[in-house]
Amino acid sequence: MTTAPEWIDLGGVEELKSPSRRVVTVAGKPVALTFHDGRFGAVSGTCNHAGGPLGEGELDGEYLTCPWHYWKFHFATGEGEPGFEADKVPSYALKEEGGRLLITAKPVTRRNRLPHEPHPLTREIRREPGPVRVAGISTTVMTRKHPRYSGSEVLLEHALAHAAQHGAETKLIKLNELRFKACEGFYSKAAHACTWPCSITQMDPKDELDRVYDAFVHWADVVLIATPIRWGNASSLYHKMVERMNCIQNQVTIANRVLLRNKVVGFVIIGGQDNVQAVAGQMMSFFSEIGCVFPQFPFIAHSRGWTAEDMEANVAALKRSESLRQGAAELAERAMALAHTLLEGEGTDAKVLRAGRKAFDPASH
Ligand code: FES
């Protein structure tokens, strides 16, 4: 025997037409109520993807767009956009009576989440056997088709070659050769809107920052990062990469999950002008916050100072400098030595304690 649905009075029909989108609470749950093209629709206000506030999204044609990562669901049927119709959020029945709009207390269609293949980066983090692995990340910005001499990149290559001579597996990633988008600040919408891997990586198969994530989280024991100094800071590409690595740090704050373990990081900082200590300090601050460790003397650097505008002389000095090449090689050696020590202790499965911070929890304040 079917029982008649329970109806709840939402309010006057005319008043509910404007604004045309709003979130109402039905039986304690958020429901997206939309008036579009002369008719009302009501669907769950909770997105299928990661629980985002679907009811707060914009309308794109007949589809509500979740403000977190832009999945779309029909404003009345709850079905996913064309091609994803079977991915549905629950929908509610509505009726008008005596100038009032009524909604069923329970949805009349069910939620259906289509299985989505997990992103390969979400695989278990397990160090595969083998020699120490050293990744180099060059963050210099130069015209791809007409590369010029980059002091930071040349020294990084020298450090990697030295690591290879000492038995390491090495890999060089030139950020300038990757296509990747800037961080959109999903975490600024809500802490849990920031996902691992980055939502951009999950949504855009053409985004190539997955190479950097893979090197850091899965492949490397040592990562050496090289940057020029630009107006007293690391390069713009370095900052673009680091902002996208926010998803690694956010796993610590929102999920108490430390993705990086026993990762040794060192830096090569080359400035036409000044500010080595500030650049090194910023880089060390960020990489310590995502769980990396540093060898003794974790960076090498070179700058001829504020008044050294004669860049040709700077490049010539770098090319001549045996001590900088030696410094790059020794940085690689120090980092590898620490990586060896950490790998020897790898057997302990001790959980990394929370990294000092967690996302603000209003309930505990
Ligand atoms: S698109 Fe809605 S939570 Fe991700």
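**Entry 1**

I took helices (H or I, at least four residues) and strands (E, at least two) as DSSP runs, numbered from the N terminus. Axes are lines fitted to C-alpha atoms, for helices over the stretch in contact, and angles run from 0 to 180 degrees between N-to-C directions.

I note at the outset that this is a predicted model, in which local features need pLDDT of at least 70 and side-chain atom pairs count only at pLDDT 80 or more, while totals for chains, interfaces and linings use all residues. Residues are numbered from 1 along each chain as its sequence is written, and side-chain values use heavy atoms, with hydrogens and water left out.

For β13 (residues 264–271) I found five bridges to β14 in the parallel sense, and Ile269 stands opposite Ala301 in β14.

**Entry 1: two helix pairs**

How do α2 and α10 cross? I read that the axes of α2 (residues 151–165) and α10 (residues 322–344) come within 8 Å and cross at roughly 50°. The two helices are therefore oblique to each other, given that angles under 35 degrees count as roughly parallel, over 145 as roughly antiparallel, 65 to 115 as roughly perpendicular and the rest as oblique. The crossing of α2 past α10 is right-handed; a crossing is left-handed if the near helix is turned anticlockwise from the far one by less than a right angle, and right-handed if clockwise. On the α2 side the contact is made by Leu155, His158, Ala159, His162 and Ala163, and on the α10 side by Leu324, Arg325, Ala328, Ala329, Ala332, Glu333 and Met336. I sorted the residues of this contact into eight nonpolar, two polar and two charged, with Ala, Val, Leu, Ile, Met, Phe, Trp, Tyr, Cys and Pro counted as nonpolar, Asp, Glu, Lys and Arg as charged, and the others, Gly among them, as polar.

For α6 (residues 236–244) and α8 (residues 276–289), I found axes that come within 12 Å and cross at roughly 20°, and α6 and α8 are therefore roughly parallel to each other. Their crossing is left-handed. Tyr238, His239, Met241 and Val242 in α6 meet Gln282, Met283, Phe286 and Phe287 in α8, and the residues of this contact divide into six nonpolar, two polar and no charged.

**Entry 2: antiparallel strands**

I turned next to the open sheet of three strands in the order β1-β9-β8, where the pairing is antiparallel. Since β1 (7–12) and β8 (94–97) stand at the edges, each with a single partner strand, one side of each is left without a neighbour in the sheet. Neighbouring strands of this sheet are turned by 30° against each other on average, direction ignored. β1 pairs with β9 (residues 100–104) over five bridges, and Gly11 has Leu101 in β9 as its bridge partner.

Six antiparallel bridges join β2 (residues 21–26) to β3, with Pro30 in β3 as the bridge partner of Thr25. These two strands form a hairpin with two residues between them, and Ala27 in the turn has a positive phi of about 50°. β3 (residues 29–36) is in turn joined to β4 by six antiparallel bridges, and Phe35 stands opposite Phe40 in β4. The hairpin of β3 and β4 likewise has two residues between its strands, and Asp37 in the turn has a positive phi of about 55°. Five of the six residues of β4 (residues 39–44) are buried, so β4 is largely enclosed by the rest of the structure; buried means under 20% relative accessible area, exposed over 50%, partly exposed in between (1.4 Å probe, protein chains only).

**Entry 3: a loop residue**

Last, I looked up Arg230, which lies in the loop between β12 and α6 and is partly exposed, with a relative accessible area of 41%. Not counting residues up to four places away in sequence, Arg230 touches Arg148 and Ser235.

Note on methods. Two strands pair if DSSP finds at least two bridges between them. Contact means heavy atoms within 4.5 Å.
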